[in-house]
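Hi,

Here's the structure I promised to pass on.

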Amino acid sequence: MDDFRYLSGVTTLQLETEACVGCGMCESVCPHGVFQMEGKKAAIRDQDGCMECGACALNCPSEAIRVTPGVGCASYIIKTWIKGKDAAACSSVECC
Amino acid sequence: MNDVTRQKNGCCACEDGSCSTQNQTALQPFVTSHASDEVCCGSAPGPQSSRHEKPGYRLLDFVDTFIDTSVGPVPRVKTRLERSDRVGTLTARLGIKRDQYKIAPGLYCVGTPDQDSPVLVTANYKLTFDSLRRELTALNAWILVVDTRGINVWCAAGKALFSTREVVHRVQQTRLKELIRHNRLILPQLAATGVSAYRVKKEIGCKLLWGPIQAEDIQQFVAGGCNAEKSMRRLTFTLPQRVVLVPVELSHLSKPTAWMLPAVFLLSGIGTNLFSLSDAWSRGLMLITAYIAGILAGAVAAPVLLPWVPGRAFALKGALTGGVAGLAVIAIFRNDLIWLEDGALLLFTMMISSYLTMNFTGSTPVTSPSGVEKEMRRAIPLQAAAALIAAAAWVTAAFAG
(Lines give C-alpha, C1' and ligand atoms only; values in the text may rest on other atoms or scores of the structure.)
Protein backbone atom coordinates (compact mmCIF):
# COMPACT_ATOMS: atom_id res chain seq x y z
CA MET A 1 0.00 0.00 0.00
CA ASP A 2 1.75 3.08 -1.23
CA ASP A 3 -0.15 5.51 0.98
CA PHE A 4 0.29 3.62 4.24
CA ARG A 5 3.70 2.55 5.52
CA TYR A 6 4.50 0.06 8.24
CA LEU A 7 7.99 -0.49 9.69
CA SER A 8 10.85 -0.29 7.18
CA GLY A 9 13.74 -2.66 6.73
CA VAL A 10 12.19 -5.67 8.44
CA THR A 11 10.97 -7.98 5.68
CA THR A 12 12.67 -11.32 5.00
CA LEU A 13 11.86 -11.10 1.27
CA GLN A 14 14.64 -12.08 -1.13
CA LEU A 15 14.60 -12.38 -4.92
CA GLU A 16 17.20 -14.39 -6.77
CA THR A 17 17.10 -12.73 -10.18
CA GLU A 18 19.20 -15.39 -11.94
CA ALA A 19 16.62 -18.05 -11.13
CA CYS A 20 13.67 -15.96 -12.37
CA VAL A 21 11.98 -17.37 -15.48
CA GLY A 22 9.96 -14.21 -16.10
CA CYS A 23 6.45 -15.67 -15.76
CA GLY A 24 5.21 -12.54 -13.97
CA MET A 25 3.22 -14.49 -11.40
CA CYS A 26 4.77 -12.63 -8.46
CA GLU A 27 3.66 -9.33 -9.93
CA SER A 28 0.11 -10.68 -10.29
CA VAL A 29 -0.31 -12.17 -6.84
CA CYS A 30 1.34 -9.49 -4.69
CA PRO A 31 -1.41 -7.32 -3.17
CA HIS A 32 1.02 -4.50 -2.42
CA GLY A 33 2.75 -4.17 -5.78
CA VAL A 34 6.16 -5.14 -4.42
CA PHE A 35 7.27 -6.67 -7.73
CA GLN A 36 7.53 -5.21 -11.18
CA MET A 37 8.55 -6.93 -14.40
CA GLU A 38 11.59 -5.33 -15.95
CA GLY A 39 12.00 -6.90 -19.35
CA LYS A 40 12.07 -10.67 -18.89
CA LYS A 41 12.90 -10.58 -15.20
CA ALA A 42 11.03 -9.69 -12.04
CA ALA A 43 12.44 -6.92 -9.88
CA ILE A 44 11.60 -5.68 -6.40
CA ARG A 45 9.95 -2.27 -6.73
CA ASP A 46 8.96 -1.66 -3.12
CA GLN A 47 10.71 -3.90 -0.59
CA ASP A 48 9.19 -2.20 2.46
CA GLY A 49 5.66 -2.68 1.12
CA CYS A 50 6.07 -6.42 1.74
CA MET A 51 3.92 -7.93 4.48
CA GLU A 52 5.45 -11.39 4.14
CA CYS A 53 2.20 -13.10 3.14
CA GLY A 54 4.19 -15.58 1.06
CA ALA A 55 1.94 -15.56 -2.03
CA CYS A 56 4.86 -14.77 -4.36
CA ALA A 57 7.14 -17.50 -3.07
CA LEU A 58 4.34 -20.11 -3.12
CA ASN A 59 3.49 -19.25 -6.71
CA CYS A 60 7.02 -18.90 -8.09
CA PRO A 61 7.57 -21.94 -10.33
CA SER A 62 11.36 -21.59 -10.24
CA GLU A 63 11.62 -20.93 -6.50
CA ALA A 64 13.46 -17.68 -7.13
CA ILE A 65 11.72 -15.94 -4.22
CA ARG A 66 12.39 -16.55 -0.54
CA VAL A 67 10.39 -15.16 2.32
CA THR A 68 9.50 -16.39 5.79
CA PRO A 69 5.73 -16.24 5.53
CA GLY A 70 3.41 -15.62 8.40
CA VAL A 71 0.62 -13.49 9.76
CA GLY A 72 1.46 -10.08 11.16
CA CYS A 73 -0.78 -10.53 14.17
CA ALA A 74 0.35 -9.58 17.67
CA SER A 75 -1.98 -11.89 19.58
CA TYR A 76 -0.83 -14.82 17.44
CA ILE A 77 2.83 -13.99 18.09
CA ILE A 78 2.16 -13.74 21.84
CA LYS A 79 0.64 -17.22 21.69
CA THR A 80 3.69 -18.58 19.91
CA TRP A 81 5.87 -17.11 22.67
CA ILE A 82 3.77 -18.71 25.39
CA LYS A 83 2.73 -22.02 23.87
CA GLY A 84 5.27 -22.56 21.12
CA LYS A 85 4.73 -22.37 17.40
CA ASP A 86 2.77 -25.59 16.94
CA ALA A 87 0.27 -25.14 19.73
CA ALA A 88 -0.51 -21.54 18.84
CA ALA A 89 -3.34 -22.17 16.42
CA CYS A 90 -4.58 -18.89 15.06
CA SER A 91 -8.24 -19.28 15.95
CA SER A 92 -10.80 -17.69 13.69
CA VAL A 93 -12.50 -15.83 16.47
CA GLU A 94 -9.63 -14.17 18.23
CA CYS A 95 -7.56 -13.35 15.22
CA CYS A 96 -8.50 -12.28 11.74
CA MET B 1 -65.75 -14.10 0.12
CA ASN B 2 -68.87 -14.38 2.15
CA ASP B 3 -68.65 -18.11 1.85
CA VAL B 4 -65.11 -18.06 3.01
CA THR B 5 -65.92 -15.99 6.05
CA ARG B 6 -68.75 -18.26 6.88
CA GLN B 7 -66.64 -21.32 6.53
CA LYS B 8 -63.94 -19.83 8.67
CA ASN B 9 -66.39 -18.99 11.38
CA GLY B 10 -67.89 -22.41 11.07
CA CYS B 11 -64.61 -24.17 11.31
CA CYS B 12 -62.13 -22.55 13.57
CA ALA B 13 -63.88 -19.78 15.36
CA CYS B 14 -65.04 -22.25 17.97
CA GLU B 15 -61.84 -23.88 18.98
CA ASP B 16 -63.18 -25.12 22.27
CA GLY B 17 -65.58 -27.45 20.49
CA SER B 18 -68.68 -25.66 21.75
CA CYS B 19 -70.06 -24.84 18.33
CA SER B 20 -73.79 -24.28 18.20
CA THR B 21 -76.01 -26.49 16.08
CA GLN B 22 -76.60 -23.60 13.74
CA ASN B 23 -72.91 -23.35 13.01
CA GLN B 24 -72.65 -27.05 12.46
CA THR B 25 -75.22 -26.74 9.73
CA ALA B 26 -73.17 -24.02 8.12
CA LEU B 27 -70.25 -26.37 8.23
CA GLN B 28 -71.85 -29.00 6.00
CA PRO B 29 -70.53 -28.07 2.54
CA PHE B 30 -67.05 -27.69 3.91
CA VAL B 31 -66.81 -31.14 5.39
CA THR B 32 -67.76 -32.82 2.16
CA SER B 33 -65.34 -30.84 0.01
CA HIS B 34 -61.80 -31.99 -0.77
CA ALA B 35 -59.02 -31.09 1.55
CA SER B 36 -57.25 -29.00 -1.05
CA ASP B 37 -56.17 -25.40 -1.17
CA GLU B 38 -59.47 -24.10 0.10
CA VAL B 39 -59.31 -21.79 3.01
CA CYS B 40 -59.91 -23.47 6.29
CA CYS B 41 -58.12 -22.54 9.45
CA GLY B 42 -56.49 -19.19 8.99
CA SER B 43 -54.74 -18.46 5.70
CA ALA B 44 -54.33 -20.77 2.72
CA PRO B 45 -51.70 -23.49 3.02
CA GLY B 46 -48.33 -22.91 1.35
CA PRO B 47 -47.08 -24.76 -1.71
CA GLN B 48 -46.18 -28.44 -1.69
CA SER B 49 -42.74 -29.48 -0.52
CA SER B 50 -40.06 -28.98 -3.13
CA ARG B 51 -38.62 -32.16 -4.61
CA HIS B 52 -35.25 -30.87 -3.51
CA GLU B 53 -36.17 -31.03 0.14
CA LYS B 54 -34.69 -34.00 1.93
CA PRO B 55 -35.29 -35.32 5.42
CA GLY B 56 -32.73 -33.85 7.76
CA TYR B 57 -31.81 -30.99 5.40
CA ARG B 58 -33.07 -27.45 5.15
CA LEU B 59 -33.42 -25.41 1.97
CA LEU B 60 -31.61 -22.14 2.41
CA ASP B 61 -33.08 -18.73 1.72
CA PHE B 62 -30.35 -17.68 -0.68
CA VAL B 63 -31.00 -20.64 -3.00
CA ASP B 64 -33.31 -19.62 -5.81
CA THR B 65 -33.78 -23.03 -7.44
CA PHE B 66 -31.80 -26.06 -8.56
CA ILE B 67 -30.58 -26.72 -12.07
CA ASP B 68 -30.13 -30.26 -13.27
CA THR B 69 -26.69 -31.15 -14.55
CA SER B 70 -24.81 -34.31 -15.42
CA VAL B 71 -23.29 -34.28 -11.94
CA GLY B 72 -26.63 -33.82 -10.22
CA PRO B 73 -28.73 -30.83 -9.17
CA VAL B 74 -26.72 -27.65 -8.56
CA PRO B 75 -28.23 -24.90 -6.40
CA ARG B 76 -28.68 -21.61 -8.19
CA VAL B 77 -28.23 -18.76 -5.74
CA LYS B 78 -29.87 -15.37 -5.66
CA THR B 79 -27.77 -12.35 -6.52
CA ARG B 80 -29.79 -10.09 -4.28
CA LEU B 81 -29.24 -10.09 -0.57
CA GLU B 82 -32.34 -10.42 1.55
CA ARG B 83 -33.26 -9.53 5.04
CA SER B 84 -31.99 -12.77 6.53
CA ASP B 85 -28.63 -12.18 4.82
CA ARG B 86 -28.39 -8.67 6.21
CA VAL B 87 -29.27 -9.81 9.71
CA GLY B 88 -26.62 -12.50 9.41
CA THR B 89 -24.04 -9.97 8.25
CA LEU B 90 -24.80 -7.67 11.14
CA THR B 91 -24.61 -10.50 13.66
CA ALA B 92 -21.28 -11.71 12.30
CA ARG B 93 -19.89 -8.18 12.25
CA LEU B 94 -20.78 -7.87 15.91
CA GLY B 95 -18.74 -10.98 16.54
CA ILE B 96 -21.71 -13.16 17.52
CA LYS B 97 -21.24 -16.78 16.37
CA ARG B 98 -18.95 -15.43 13.70
CA ASP B 99 -17.00 -18.67 13.51
CA GLN B 100 -20.16 -20.60 12.64
CA TYR B 101 -21.34 -18.29 9.88
CA LYS B 102 -20.61 -20.59 6.97
CA ILE B 103 -22.22 -22.46 4.12
CA ALA B 104 -21.74 -25.98 2.84
CA PRO B 105 -18.76 -26.30 0.50
CA GLY B 106 -19.45 -27.54 -3.02
CA LEU B 107 -20.81 -26.39 -6.33
CA TYR B 108 -23.31 -23.54 -6.74
CA CYS B 109 -24.19 -21.37 -9.70
CA VAL B 110 -25.75 -18.09 -10.81
CA GLY B 111 -27.79 -17.45 -13.95
CA THR B 112 -27.80 -20.26 -16.52
CA PRO B 113 -24.23 -21.46 -16.77
CA ASP B 114 -23.02 -23.86 -19.47
CA GLN B 115 -19.75 -25.56 -20.29
CA ASP B 116 -18.13 -22.29 -21.35
CA SER B 117 -19.15 -20.31 -18.27
CA PRO B 118 -16.47 -19.13 -15.87
CA VAL B 119 -15.83 -20.90 -12.57
CA LEU B 120 -15.41 -18.65 -9.55
CA VAL B 121 -13.78 -20.21 -6.53
CA THR B 122 -14.45 -18.75 -3.10
CA ALA B 123 -14.42 -19.35 0.65
CA ASN B 124 -17.34 -20.79 2.61
CA TYR B 125 -17.58 -17.88 5.07
CA LYS B 126 -21.14 -16.69 4.42
CA LEU B 127 -20.09 -13.04 4.43
CA THR B 128 -17.53 -13.76 1.71
CA PHE B 129 -20.03 -15.78 -0.30
CA ASP B 130 -22.65 -13.02 0.00
CA SER B 131 -20.26 -10.31 -1.10
CA LEU B 132 -19.42 -12.39 -4.18
CA ARG B 133 -22.92 -13.42 -5.27
CA ARG B 134 -24.36 -9.94 -4.94
CA GLU B 135 -21.87 -8.84 -7.61
CA LEU B 136 -22.92 -11.53 -10.08
CA THR B 137 -26.16 -9.94 -11.30
CA ALA B 138 -25.23 -10.09 -14.98
CA LEU B 139 -23.20 -13.27 -15.07
CA ASN B 140 -23.78 -16.94 -15.81
CA ALA B 141 -21.19 -18.71 -13.73
CA TRP B 142 -20.34 -21.73 -11.64
CA ILE B 143 -19.30 -21.01 -8.08
CA LEU B 144 -17.02 -23.51 -6.39
CA VAL B 145 -17.12 -22.99 -2.64
CA VAL B 146 -14.17 -24.57 -0.87
CA ASP B 147 -14.12 -25.50 2.79
CA THR B 148 -12.24 -22.74 4.58
CA ARG B 149 -13.96 -23.57 7.90
CA GLY B 150 -16.04 -20.42 7.67
CA ILE B 151 -13.04 -18.11 7.41
CA ASN B 152 -12.62 -15.36 4.82
CA VAL B 153 -10.36 -15.73 1.79
CA TRP B 154 -7.38 -13.79 3.10
CA CYS B 155 -7.23 -15.28 6.59
CA ALA B 156 -8.03 -18.78 5.34
CA ALA B 157 -5.21 -18.60 2.81
CA GLY B 158 -2.85 -17.40 5.57
CA LYS B 159 -3.86 -20.37 7.71
CA ALA B 160 -3.39 -22.82 4.80
CA LEU B 161 -7.11 -23.65 4.80
CA PHE B 162 -7.75 -22.08 1.40
CA SER B 163 -4.99 -24.27 0.03
CA THR B 164 -3.77 -26.06 -3.06
CA ARG B 165 -4.92 -29.34 -1.54
CA GLU B 166 -8.40 -28.07 -0.72
CA VAL B 167 -8.94 -26.63 -4.21
CA VAL B 168 -7.74 -29.85 -5.85
CA HIS B 169 -9.90 -31.94 -3.56
CA ARG B 170 -13.03 -29.83 -4.09
CA VAL B 171 -12.68 -29.84 -7.88
CA GLN B 172 -12.44 -33.63 -7.84
CA GLN B 173 -15.19 -34.14 -5.29
CA THR B 174 -17.72 -31.99 -7.18
CA ARG B 175 -16.73 -33.47 -10.58
CA LEU B 176 -16.62 -29.90 -11.79
CA LYS B 177 -14.51 -30.76 -14.83
CA GLU B 178 -17.42 -32.72 -16.32
CA LEU B 179 -19.41 -29.49 -16.50
CA ILE B 180 -16.87 -27.27 -18.23
CA ARG B 181 -14.62 -27.60 -21.25
CA HIS B 182 -12.20 -24.75 -20.61
CA ASN B 183 -10.46 -26.08 -17.48
CA ARG B 184 -9.95 -22.62 -16.02
CA LEU B 185 -10.65 -21.58 -12.43
CA ILE B 186 -10.85 -17.98 -11.28
CA LEU B 187 -9.58 -17.55 -7.73
CA PRO B 188 -9.54 -14.37 -5.67
CA GLN B 189 -6.02 -12.96 -5.74
CA LEU B 190 -5.79 -13.02 -1.95
CA ALA B 191 -6.02 -16.82 -2.01
CA ALA B 192 -2.53 -16.89 -3.55
CA THR B 193 -1.06 -16.97 -0.05
CA GLY B 194 -2.42 -20.50 0.32
CA VAL B 195 -2.89 -21.76 -3.24
CA SER B 196 -0.10 -22.42 -5.72
CA ALA B 197 -1.27 -22.01 -9.31
CA TYR B 198 1.44 -24.14 -10.87
CA ARG B 199 0.87 -26.96 -8.40
CA VAL B 200 -2.88 -27.04 -9.09
CA LYS B 201 -2.09 -27.13 -12.80
CA LYS B 202 0.32 -30.01 -12.27
CA GLU B 203 -2.11 -32.01 -10.15
CA ILE B 204 -5.43 -31.66 -11.98
CA GLY B 205 -4.60 -29.75 -15.14
CA CYS B 206 -6.73 -26.74 -14.27
CA LYS B 207 -5.32 -23.34 -15.10
CA LEU B 208 -5.72 -20.85 -12.26
CA LEU B 209 -6.52 -17.27 -13.10
CA TRP B 210 -6.04 -14.74 -10.32
CA GLY B 211 -9.18 -12.67 -10.10
CA PRO B 212 -9.53 -9.26 -8.52
CA ILE B 213 -9.12 -8.70 -4.78
CA GLN B 214 -12.55 -7.11 -4.40
CA ALA B 215 -15.67 -9.01 -5.47
CA GLU B 216 -17.11 -5.78 -6.85
CA ASP B 217 -14.58 -5.94 -9.70
CA ILE B 218 -15.39 -9.50 -10.75
CA GLN B 219 -17.89 -8.77 -13.53
CA GLN B 220 -15.56 -6.22 -15.09
CA PHE B 221 -12.72 -8.73 -14.78
CA VAL B 222 -14.66 -11.45 -16.59
CA ALA B 223 -16.00 -9.03 -19.21
CA GLY B 224 -12.45 -7.87 -19.90
CA GLY B 225 -11.28 -11.37 -20.79
CA CYS B 226 -10.04 -12.16 -17.29
CA ASN B 227 -7.46 -9.41 -17.26
CA ALA B 228 -7.13 -7.49 -14.02
CA GLU B 229 -6.30 -3.84 -14.02
CA LYS B 230 -3.60 -2.73 -11.63
CA SER B 231 -6.11 -1.18 -9.25
CA MET B 232 -7.91 -4.53 -8.91
CA ARG B 233 -4.68 -6.11 -7.72
CA ARG B 234 -3.88 -3.73 -4.87
CA LEU B 235 -5.09 -4.01 -1.31
CA THR B 236 -6.67 -1.00 0.29
CA PHE B 237 -7.47 -0.33 3.92
CA THR B 238 -9.92 2.51 3.68
CA LEU B 239 -11.90 4.22 6.40
CA PRO B 240 -15.06 2.10 5.91
CA GLN B 241 -12.93 -1.06 5.78
CA ARG B 242 -11.42 -0.12 9.13
CA VAL B 243 -14.67 1.01 10.73
CA VAL B 244 -16.44 -2.34 10.18
CA LEU B 245 -13.68 -4.08 12.15
CA VAL B 246 -14.24 -2.05 15.32
CA PRO B 247 -17.19 -4.06 16.74
CA VAL B 248 -15.25 -7.32 16.38
CA GLU B 249 -12.26 -5.74 18.13
CA LEU B 250 -14.54 -4.73 20.99
CA SER B 251 -16.17 -8.15 21.16
CA HIS B 252 -12.78 -9.66 22.04
CA LEU B 253 -12.61 -7.62 25.23
CA SER B 254 -15.18 -9.30 27.46
CA LYS B 255 -12.71 -11.84 28.88
CA PRO B 256 -9.89 -9.42 29.75
CA THR B 257 -12.50 -7.04 31.19
CA ALA B 258 -13.77 -9.77 33.51
CA TRP B 259 -10.23 -9.98 34.93
CA MET B 260 -9.69 -6.25 34.95
CA LEU B 261 -12.75 -5.25 36.99
CA PRO B 262 -11.97 -7.11 40.25
CA ALA B 263 -8.29 -6.16 40.00
CA VAL B 264 -9.17 -2.49 39.61
CA PHE B 265 -11.53 -2.44 42.61
CA LEU B 266 -9.11 -4.39 44.79
CA LEU B 267 -6.26 -2.04 43.97
CA SER B 268 -8.40 1.03 44.59
CA GLY B 269 -9.58 -0.08 48.03
CA ILE B 270 -6.10 -0.53 49.50
CA GLY B 271 -5.20 2.34 51.86
CA THR B 272 -4.42 3.40 55.42
CA ASN B 273 -7.36 1.33 56.74
CA LEU B 274 -5.97 -1.74 54.96
CA PHE B 275 -9.03 -1.94 52.75
CA SER B 276 -11.87 0.54 52.33
CA LEU B 277 -15.00 -0.42 50.42
CA SER B 278 -15.96 3.19 49.80
CA ASP B 279 -12.51 3.91 48.35
CA ALA B 280 -12.67 0.75 46.27
CA TRP B 281 -15.88 2.08 44.77
CA SER B 282 -15.03 5.76 44.32
CA ARG B 283 -11.41 5.36 43.21
CA GLY B 284 -12.27 2.17 41.32
CA LEU B 285 -14.72 4.09 39.16
CA MET B 286 -11.92 6.46 38.16
CA LEU B 287 -9.73 3.56 37.06
CA ILE B 288 -12.65 2.01 35.19
CA THR B 289 -13.16 5.31 33.41
CA ALA B 290 -9.50 5.26 32.42
CA TYR B 291 -9.90 1.65 31.25
CA ILE B 292 -12.88 2.55 29.07
CA ALA B 293 -11.01 5.58 27.74
CA GLY B 294 -8.08 3.30 26.90
CA ILE B 295 -10.40 0.95 25.00
CA LEU B 296 -11.97 3.82 23.07
CA ALA B 297 -8.55 5.20 22.23
CA GLY B 298 -6.90 1.90 21.35
CA ALA B 299 -9.63 -0.23 19.80
CA VAL B 300 -11.79 2.51 18.24
CA ALA B 301 -9.92 5.78 17.68
CA ALA B 302 -6.52 4.40 16.64
CA PRO B 303 -7.91 1.84 14.14
CA VAL B 304 -10.33 4.35 12.63
CA LEU B 305 -7.74 7.16 12.45
CA LEU B 306 -4.85 4.78 11.63
CA PRO B 307 -3.16 6.61 8.72
CA TRP B 308 -3.41 9.98 10.43
CA VAL B 309 -2.03 9.05 13.86
CA PRO B 310 1.75 9.75 13.85
CA GLY B 311 4.26 6.92 14.04
CA ARG B 312 4.60 3.64 12.20
CA ALA B 313 4.53 1.11 15.03
CA PHE B 314 0.95 0.36 16.06
CA ALA B 315 1.90 0.30 19.76
CA LEU B 316 3.15 3.88 19.40
CA LYS B 317 0.01 5.02 17.58
CA GLY B 318 -2.08 3.50 20.39
CA ALA B 319 0.06 5.14 23.08
CA LEU B 320 -0.53 8.52 21.43
CA THR B 321 -4.32 8.22 21.16
CA GLY B 322 -4.24 6.79 24.69
CA GLY B 323 -2.30 9.85 25.88
CA VAL B 324 -5.02 12.15 24.60
CA ALA B 325 -7.70 9.98 26.20
CA GLY B 326 -5.75 9.84 29.47
CA LEU B 327 -5.55 13.63 29.65
CA ALA B 328 -9.31 13.77 29.13
CA VAL B 329 -9.80 11.36 32.05
CA ILE B 330 -7.60 13.51 34.28
CA ALA B 331 -9.61 16.57 33.27
CA ILE B 332 -12.86 14.84 34.27
CA PHE B 333 -11.63 14.02 37.78
CA ARG B 334 -9.27 17.00 38.23
CA ASN B 335 -10.80 18.08 41.54
CA ASP B 336 -10.35 14.68 43.21
CA LEU B 337 -6.80 13.81 42.17
CA ILE B 338 -3.28 14.36 43.47
CA TRP B 339 -0.35 14.36 41.02
CA LEU B 340 0.50 10.69 41.65
CA GLU B 341 -3.00 9.74 40.61
CA ASP B 342 -2.79 11.96 37.52
CA GLY B 343 0.31 10.04 36.46
CA ALA B 344 -1.24 6.66 37.25
CA LEU B 345 -4.41 7.34 35.24
CA LEU B 346 -2.46 8.70 32.27
CA LEU B 347 -0.02 5.76 32.18
CA PHE B 348 -2.81 3.24 32.62
CA THR B 349 -4.89 4.69 29.77
CA MET B 350 -1.86 4.82 27.47
CA MET B 351 -0.87 1.26 28.34
CA ILE B 352 -4.35 -0.16 27.61
CA SER B 353 -4.62 1.77 24.37
CA SER B 354 -1.12 0.89 23.19
CA TYR B 355 -1.67 -2.81 23.83
CA LEU B 356 -5.04 -2.88 22.05
CA THR B 357 -3.76 -1.03 18.98
CA MET B 358 -0.78 -3.36 18.86
CA ASN B 359 -3.25 -6.24 18.71
CA PHE B 360 -5.07 -4.56 15.84
CA THR B 361 -2.08 -5.49 13.63
CA GLY B 362 -3.68 -8.89 13.06
CA SER B 363 -6.76 -7.29 11.54
CA THR B 364 -4.89 -5.23 8.98
CA PRO B 365 -3.62 -6.25 5.56
CA VAL B 366 -0.40 -4.24 5.90
CA THR B 367 1.69 -5.58 8.77
CA SER B 368 4.48 -8.10 8.26
CA PRO B 369 5.14 -10.68 10.99
CA SER B 370 8.78 -9.55 11.16
CA GLY B 371 7.61 -5.98 11.76
CA VAL B 372 5.02 -6.94 14.36
CA GLU B 373 7.51 -9.04 16.25
CA LYS B 374 10.04 -6.21 16.18
CA GLU B 375 7.62 -3.68 17.61
CA MET B 376 6.35 -6.13 20.20
CA ARG B 377 9.82 -6.80 21.56
CA ARG B 378 10.13 -3.11 22.27
CA ALA B 379 6.55 -2.31 23.24
CA ILE B 380 5.60 -5.13 25.57
CA PRO B 381 8.32 -4.42 28.21
CA LEU B 382 7.30 -0.75 28.12
CA GLN B 383 3.61 -1.61 28.46
CA ALA B 384 4.35 -3.93 31.38
CA ALA B 385 6.47 -1.27 33.06
CA ALA B 386 3.72 1.32 32.57
CA ALA B 387 1.17 -1.02 34.16
CA LEU B 388 3.38 -1.68 37.18
CA ILE B 389 4.29 1.97 37.71
CA ALA B 390 0.63 3.01 37.34
CA ALA B 391 -0.47 0.41 39.89
CA ALA B 392 2.28 1.41 42.35
CA ALA B 393 1.49 5.11 41.99
CA TRP B 394 -2.22 4.48 42.42
CA VAL B 395 -1.76 2.54 45.66
CA THR B 396 0.89 4.94 46.99
CA ALA B 397 -1.45 7.87 46.40
CA ALA B 398 -4.00 6.30 48.76
CA PHE B 399 -1.45 6.51 51.60
CA ALA B 400 -0.17 9.95 50.58
CA GLY B 401 -3.68 11.37 50.24
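This is a predicted model: local features need pLDDT of at least 70, side-chain atom pairs count only at pLDDT 80 or more; totals for chains, interfaces and linings use all residues.

**Where the chains meet**

The contact draws on 37 residues from chain A and 42 residues from chain B. On the chain A side, the elements that put in two or more residues are helix 1 (25–29), helix 2 (55–58) and helix 3 (74–83) of chain A. Helix 3 of chain A gives the most to that side, with four residues. By type, the chain A side that touches chain B splits into 23 nonpolar, eleven polar and three charged residues.

**A helix pair in chain B**

Two packed helices are described by the angle between their axes and the distance between the axes. For helix 3 (residues 83–93) and helix 4 (residues 126–133) of chain B, the angle is about 135° and the axes are 10 Å apart. Because of that angle, helix 3 of chain B counts as oblique to helix 4 of chain B. The crossing of helix 3 of chain B past helix 4 of chain B is left-handed.

**A hairpin in chain A**

Strand 2 (residues 35–38) and strand 3 of chain A pair in the antiparallel sense, over four bridges. Within that pairing, Q36(A) sits opposite A43(A) of strand 3 of chain A. The two strands form a hairpin with two residues between them, and G39(A) in the turn has a positive phi of about 70°.

Which residues of strand 3 of chain A are on its covered face, and which on its uncovered one? In a regular strand the side chains alternate between the two faces of the sheet. For strand 3 (residues 41–44) of chain A, A42(A) and I44(A) make up the covered face, and K41(A) and A43(A) the uncovered one.

**One methionine in chain B**

M260(B) lies in helix 11 (residues 254–269) of chain B. Is M260(B) buried or partly exposed? It has 15 C-beta neighbours inside 10 Å, so M260(B) counts as partly exposed. The C-alpha atoms of M260(B) and L316(B) are separated by 23 Å, with the two residues 56 apart along the chain.

Cheers

Methods: Residues are numbered from 1 along each chain as its sequence is written. Chains are lettered from A and ligands numbered from 1 in the order in which they are written. Two residues are in contact if their C-beta atoms, placed from the backbone, lie within 7 Å. Ala, Val, Leu, Ile, Met, Phe, Trp, Tyr, Cys and Pro count as nonpolar, Asp, Glu, Lys and Arg as charged, and the others, Gly among them, as polar. Axes are lines fitted to C-alpha atoms, for helices over the stretch in contact, and angles run from 0 to 180 degrees between N-to-C directions. Angles under 35 degrees count as roughly parallel, over 145 as roughly antiparallel, 65 to 115 as roughly perpendicular and the rest as oblique. A crossing is left-handed if the near helix is turned anticlockwise from the far one by less than a right angle, and right-handed if clockwise. A residue is buried if 20 or more other C-beta atoms lie within 10 Å of its own, exposed if 12 or fewer, and partly exposed in between; C-beta atoms are placed from the backbone. Two strands pair if DSSP finds at least two bridges between them.
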